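Please look at the sequence and the structure before reading on.

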Amino acid sequence: MWFAERPLLQVALLEDRLVVDGPRRDGGVGTDPKPLPLAGAGADEPLWRPAMARLAGWLREESLPRARLHIHLSSRFVRWQLLEWQPQLTQPQELEAYVRLRFRATFGAAADGWRVMHAEPMPGRAVPACAIDEALVAELQALRSVGDARVVRIAPYFSAAFDRWCARLGRQTAWFGAAEPGSFTLGLLHKGAWRGLRSMRHPDAADGGWRGVLPAMQAQIALASGLALPQDTPVFLAGCGAIPGRRDAPGLVWLAPEGRHEPAQGLARMAWGI
Amino acid sequence: MQRLRIDFLNRRPPASLLGWALTLVGVASMAVAALDYGQARDELQSTLDHAERQARGSKQRARSGAAPAVAPELVRASARADAALTQPWGRLLRELETVADTRVALLGVEAQGAARTLRITAEAASMADAVDYVERLRQSALTKSAVLGSHEWRNAEGVEVIRFSVDMAWGAPS
């Protein structure tokens, strides 16, 4: 009964919309939840401000003051970097400082106000790291003021989706992409190690907009990696933008959950982090 | 392929069943080790206490038992030894050597330290030499009395000698 009083909500925070989903009463998922449109951010406002304001208001409107929230962030709110392995860094604090320094060197003083996270380092392998506004984390945690709503997880959609599907990739050389409305994040994996990682905006806000930027991103990442990639290197894709099971390009593998407990398509996938 | 596990709230993912099992094994091992450590520490403390009691008992026995029974004899013996060692033996022996000459051979000196008496055994070529020796002893400043005790003729490798003894009382000159 305690859990019944604390519904678990899956939330996707995007620049121009907010998506909230949760388990249906029958235990399955139904139609795509209706995204809540947002007004654009003001000139001096951070991009995530409208989504946060809408989320707090929505929790009050829906009388869900004790909800638990899994937050998945659009790549528009996340800055990714792939950092080379540094064997001389032996302590976690040293690695933390190194990651922060690299973000500072790349993005300047703006990085001072960011919260930085990195994946677990593996010897000899590049470490994916990302950063979001510290103020965004603070505002998410401030949702406690809406009754007793509690954010239990804040993750980029890209990393959440990768964690969901990485077992399918194995150790083969492959691309992994996360398609979102208005942006696309693509990574290159080779023998179990990250060899490239980039995010890119695209003008087409429709679900299929990623198709226009995929070849250019592949070319850029492949060139930087120094790997001679075969033409048939598979591209595993998660997110919005395709109908599961449809084979629209050779080597393209759409990752979609089977069964009725997770949404198979649409923006709900971003909310669920799949 | 390793997961990224990015969570900006930095919460660790829930442990797997294997993780919980290993945790339980670790906790159990720690408990067993702590128990063993406690027992070993108690045992060590008990041994130390026992050794300390034994050492204390030995000291008490040494102080309270042996000292009163042994002390008088030890004191007397020590006093005798001290009295014997404090006699002017060096001066006496030098005097005996001075008195003797080539006509008398000293064979032995038996001394009673506390009583300051001597029995000197010696050999001489003739009775006159023996008597002369006794006379010279009597003239020594250390001699209180010197008496020719016994004598006998002996054949030593074909030579006739007289073996005699002298009882002598001696003391420091006043």
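Which residues does Leu13(A) touch, not counting residues up to four places away in sequence? The residues in question are Leu18(A), Trp48(A), Ala51(A), Ile71(A), Leu73(A), Ser74(A) and Phe77(A); two residues are in contact if their C-beta atoms, placed from the backbone, lie within 7 Å.

This is a predicted model, in which local features need pLDDT of at least 70 and side-chain atom pairs count only at pLDDT 80 or more, while totals for chains, interfaces and linings use all residues. Residues are numbered from 1 along each chain as its sequence is written, and chains are lettered from A and ligands numbered from 1 in the order in which they are written.

**Confidence**

- Chain A has a mean pLDDT of 88, with 91% of its residues at 70 or more; pLDDT is the predictor's confidence in each residue, from 0 to 100.
- Helices (H or I, at least four residues) and strands (E, at least two) are DSSP runs, numbered from the N terminus.
- Where pLDDT is low, the predicted coordinates should not be read in detail.
- Chain B has an average pLDDT of 84, and 91% of the residues score at least 70.
- For the complex, the predictor gives an ipTM of 0.86 and a pTM of 0.64.

**Nonpolar cores**

- The largest nonpolar core holds 76 residues, of which Val11(A), Ala12(A), Leu13(A), Val19(A), Ala161(A) and Ala271(A) touch the most other members. Helix α5 (residues 157–169) of chain A contributes the largest share of this core, 6 residues.
- A nonpolar core is a set of buried Ala, Val, Leu, Ile, Met, Phe, Trp, Tyr and Cys residues joined through C-beta atoms within 7 Å. A residue is buried if 20 or more other C-beta atoms lie within 10 Å of its own, exposed if 12 or fewer, and partly exposed in between.
- A second, separate core has 14 residues, including Ile120(B), Ala122(B), Leu137(B) and Val166(B).

**Helix α3 of chain A**

- Helix α3 (residues 92–107) of chain A has 16 residues and reaches 22 Å from its first C-alpha to its last, close to the 22 Å expected at 1.5 Å a residue; the expected span is 1.5 Å times one less than the number of residues.
- Val99(A), Arg102(A) and Phe103(A) are the buried residues of α3(A). They lie on the same side of α3(A) because they cover an arc of only 95° around the axis, taken from the directions from the helix axis to the C-beta atoms.
- These buried residues pack against β5 (79–83), β6 (114–118) and β7 of chain A.
- Gln93(A), Glu94(A) and Ala105(A) are exposed, on the face turned away from the buried side of α3(A).

**Gly187 of chain A**

- Gly187(A) lies in strand β10 (residues 183–190) of chain A and counts as buried because it has 25 C-beta neighbours inside 10 Å.
- Leaving aside neighbours within four places in sequence, Gly187(A) is in contact with Phe176(A), Trp194(A), Gly196(A) and Leu197(A).

**Chain B and the interface**

- Chain B contains 3 helices and 4 strands, in the sequence pattern α-α-β-β-α-β-β.
- Of its 174 residues, 11% count as buried.
- In the interface, 10 residues of chain B are in contact with 23 residues of chain A.
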